Amino acid sequence: MQRWPPETPRLPGIPEDKQEEAKSRWKEGNFNVYLSDLIPVDRAVADTRPAGCSEQRVHDDLPTTTIIMCFVDEVWSTLLRSVHSILSRSPPHLVEEIILVDDFSTKEYLKEKLDTYMSQFPKVKILHLKERHGLIRARLAGAQVAKGDVLTFLDSHVECNVGWLEPLLERVRLSRAKVACPVIEVISDKDMSYMTVDNFQRGIFTWPMNFGWRQIPQEVIEKNKIKETDIIRCPVWMCGGEIEIIPCSRVGHIFRNDNPYSFPKDRIRTVERNLARVAEVWLDEYKELFYGHAYHLVLRRLDVGDLTQQIALRKKLQCRSFRWYLENVYPDLEAPLVKASGLPQERLSQRGGGQDLVTTGLARLRH
């Protein structure tokens, strides 16, 4: 197998006689798995931080962190590269532990073989879940056994760059109400090259609540005189904290067009049900806009389950309204109110021997 020293960030090519094999293996991870397997698990990547980041100072009493990485049927080489990038580019005294949460994977190499490989790293622990939990509950399972002062969540197909951890922990040390996030860069799904991104990025969502990254408008950059090393701040939704995008912290991520794994139920009853639950708790009257874009959920009469605890938590934290979020955090989100009264609530009534079916869930624009 083709190998080279980790200090040489040169990428291999795929021989002509291996092109078909490489193509057939794509579906294993929805990226170039064949090429990933050729690349060292401890490969070097270019330092993509803005000028001046390496000179910035942090406190010498930063909190420790537990890094939680959840996965299900992850590609072997990609998972290992994720872990090695943490171990090789993080100050050891700041990493309390790395917890790998196996969300009931079906691949044999993610069981005893993975346990054996990771046993050489004392700080790496593996939690094998006995049934499929889903991403958030898997993260919570890892958090329950974590020992670090701060929880850091990473995907299982990433590569942490030079100096990625210290700037994140510095911000949390200054205020526990801050949620520090690195700039997420791109690892090409086609050739596995590590590519930098614009420094002026923010996390956004589009209807019906699809997350993405978008460049900050140039007029906003100029008006606020934002520099490359400036931290991008936005309140944590409506509950008083702040998400900060830290430009001196960079983590590469493989963005895939689709999930290479299946869901315990179908996608609607898993992912989209969770989105509907978020809408019911947090979007107030704007949940109608969510259902206007996802009207098939209304038609299928999706059961969102009991939300008593979530609604009580929002009330306890005295969170602001979603209208406040739109006006103060994301004013450029197109959010015209619509009327699509949530999920259907039906009742049958007898009238003169006939039956009337009363259903809410009309989708019409309200101007």
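Mentor: Cys-53 and Cys-248 are both buried, where buried means under 20% relative accessible area, exposed over 50%, and partly exposed in between (1.4 Å probe, protein chains only). This is a predicted model, in which local features need pLDDT of at least 70, side-chain atom pairs count only at pLDDT 80 or more, and totals for chains, interfaces and linings use all residues. Residues are numbered from 1 along each chain as its sequence is written, and side-chain values use heavy atoms, with hydrogens and water left out.

Cys-53 and Cys-248 are joined by a disulfide, with an S to S distance of 2.0 Å; the criterion for a disulfide is a pair of cysteine sulfur atoms within 2.5 Å. This pair links distant parts of the chain, 195 residues apart: Cys-53 is in the loop between helix H2 (33-38) and strand E1 (65-71), and Cys-248 is in strand E11 (residues 241-254). Helices (H or I, at least four residues) and strands (E, at least two) are DSSP runs, numbered from the N terminus. The link of Cys-53 and Cys-248 is left-handed, with -75° about the S-S bond.

A search of the whole structure finds 2 disulfides. Cys-239 and Cys-319 also form a disulfide, with sulfur atoms 1.9 Å apart. The torsion about the S-S bond of Cys-239 and Cys-319 is about 105°, so their link is right-handed. Cys-239 counts as partly exposed because its relative accessibility is 29%, while Cys-319, at 14%, counts as buried. With the bonded cysteines of the chain numbered in sequence order, the pairing is 1-3, 2-4. Another cysteine, Cys-160, has 0% relative accessibility and therefore counts as buried.

Glu-244 in strand E11 and Lys-178 in strand E6 (residues 178-187) are 66 residues apart, and their side chains meet in a salt bridge (2.9 Å, N to O). A salt bridge requires a side-chain nitrogen of Lys or Arg within 4 Å of a carboxyl oxygen of Asp or Glu. Glu-244 counts as buried at 0% relative accessibility, and Lys-178 counts as buried at 15%. Salt bridges that share partners join Glu-244 and Lys-178 with Arg-171 and Glu-242 into one network.

The search of the whole structure finds 18 salt bridges. One of them is formed by Arg-323 and Glu-285, with the closest N and O atoms 3.3 Å apart. Arg-323 is in helix H12 and Glu-285 is in the loop between helix H8 (267-282) and helix H9 (287-293), so that pair links distant parts of the chain, 38 residues apart. Arg-323 is partly exposed, with a relative accessible area of 36%, and Glu-285, at 33%, also counts as partly exposed. Another salt bridge pairs Lys-18 with Glu-21, where the closest N and O atoms are 3.7 Å apart. Lys-18 counts as partly exposed at 31% relative accessibility, and Glu-21 is partly exposed at 34%.
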